[in-house]
Amino acid sequence: MHTHDVTVMGDVVRKRYVSWDDREPEREWAGLVHLSRESPGLAPTPVAREVEDGRPVVVMSLVPGEPLTGTLSAAQSKAFAEVLRRLFAVPVPEDLAERANGPQVMRDHVREWLAEDYDLTQCQDQALVRTAKDRAVAWLAAVQLPDLVDHVVAQGDGNLDNVLWDGEVCRLIDWEEYGASDLTYEIADVVEHASSRLTRSLDVDALLADLDLDPTQRERLAVHRLLLACFWLMMLLPGNGGFKRNPAGSTEDQARHVLALLDQT
């Protein structure tokens with residue numbers, strides 16, 4: 001969903017929000033302020049908060065680099081892992097609320113959304129998609145999600161378009177879903193994001209190896225990955241945002257992925 005307009009003026013970016021129902025400007029500003037203090041250079045530096053034509057504006061420094069697109073090189077993958085480690089090392093403020101669409105609320109939301117009736121006649125393989133949808137709903141109704149163990153500061157968006165690479169290091173932009181989360185949920189958000197999973201842009205095994213998760217973290221990651229894979233199945237169903245934005249066959253690709261993850265549980 002389009003939530004903002006961006007204007008670049010020299011070395012400054014003006015981000016004007018066109019919707020802010022979930023306190024996006026407040027989240028972004030709080031995130032930039034906290035990160036500029038605790039991990040300078042990880043994200044844009046906050047400059048000012050303004051109002052323009054009745055709309056909130058966050059002004060921040062321009063971050064060098066280009067979005068990670070296409071298949072990541074080994075150097076890009078390692079730099080990406082490094083910026084994630086930097087993020088996860090940032091102290092979590094005691095009063096920081098959960099990120100938007102965080103682990104505490106996602107299961108109930110996805111179960112409700114997936115259980116709705118969809119016109120699957122637009123799918124290439126209706127039977128496959130329906131099977132994945134039904135099995136996902138059943139799993140969501142029965143699963144006991146892991147407790148939040150490794151509390152981290154979260155960017156809240158696994159889209160690699162929000163990771164800028166300058167040839168040496170990665171930096172993170174777009175903090176409108178900023179908040180507290182669990183480390184494994186945030187990693188799952190990255191590796192399950194449709195923008196990279198459907199295109200196979202990430203070497204997931206290499207990234208996870210660089211992040212050096214312990215066995216209990218990997219167990220929790222598996223559950224969070226399946227939860228977010230179910231979310232993306234829902235998003236890729238006819239009538240939802242991801243269906244028209246992605247090539248034909250993407251829904252079936254996601255359905256097969258969800259079924260594969262379910263078979264591993």
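This is a predicted model: local features need pLDDT of at least 70, side-chain atom pairs count only at pLDDT 80 or more; totals for chains, interfaces and linings use all residues.

User: How are the rings of W175 and Y178 arranged?
Analyst: Their centres are 6.5 Å apart and the planes sit at 65°, so that pair is edge-to-face, given that anything over 60 degrees counts as such.

User: Is W175 buried or exposed? And what about Y178, buried or exposed?
Analyst: W175 is buried, at 0% relative accessibility. Y178 is buried too, at 3%.

User: And how do F231 and W232 sit?
Analyst: The ring centres of F231 and W232 are 5.1 Å apart with the planes at 75°, so this pair is edge-to-face.

User: Why does F231 count as buried?
Analyst: Because its relative accessible area is 16%, and the cut-off for buried is under 20%. W232 comes in at 12%, so W232 is buried as well.

User: OK, switching to D189. Where is it?
Analyst: D189 is in helix 5, which covers residues 183–191. With 6% relative accessibility, D189 counts as buried.

User: Which side chain does the D189 side chain make a polar contact with?
Analyst: That would be the side chain of R99, at 3.0 Å.

User: What else is D189 in contact with, leaving aside neighbours within four places in sequence?
Analyst: Besides R99, the list has G156, D157, G158 and L228.

User: Now the strands. How do strand 3 and strand 4 run, parallel or antiparallel?
Analyst: Antiparallel. Strand 3 is residues 46–52, strand 4 is residues 55–61, and six bridges join them.

User: What stands opposite R55 there?
Analyst: E52 faces R55, which belongs to strand 4.

User: And what's going on with D53 in that hairpin?
Analyst: The hairpin has two residues between the strands, and D53 takes a positive phi near 55°.

User: Last one, V12. Which strand does it lie in?
Analyst: Strand 2, residues 12–17.

User: What does V12 touch, not counting residues up to four places away in sequence?
Analyst: V12 touches T7, V59, M60 and L62.

User: And how far is the C-alpha of V12 from that of P93?
Analyst: The two C-alpha atoms are separated by 27 Å, and the residues are 81 apart along the chain.

Conventions:
Residues are numbered from 1 along each chain as its sequence is written. Side-chain values use heavy atoms; hydrogens and water are left out. Helices (H or I, at least four residues) and strands (E, at least two) are DSSP runs, numbered from the N terminus. Buried means under 20% relative accessible area, exposed over 50%, partly exposed in between (1.4 Å probe, protein chains only). A polar contact is a pair of N or O atoms within 3.5 Å; within protein, one must be able to donate a hydrogen and the other to accept it, and residues adjacent in sequence count only if both atoms are side-chain atoms. Contact means heavy atoms within 4.5 Å. Two strands pair if DSSP finds at least two bridges between them. Rings of Phe, Tyr and Trp (its six-membered ring) pair if their centres lie within 6.5 Å; planes under 30 degrees apart count as stacked, over 60 as edge-to-face and the rest as tilted.
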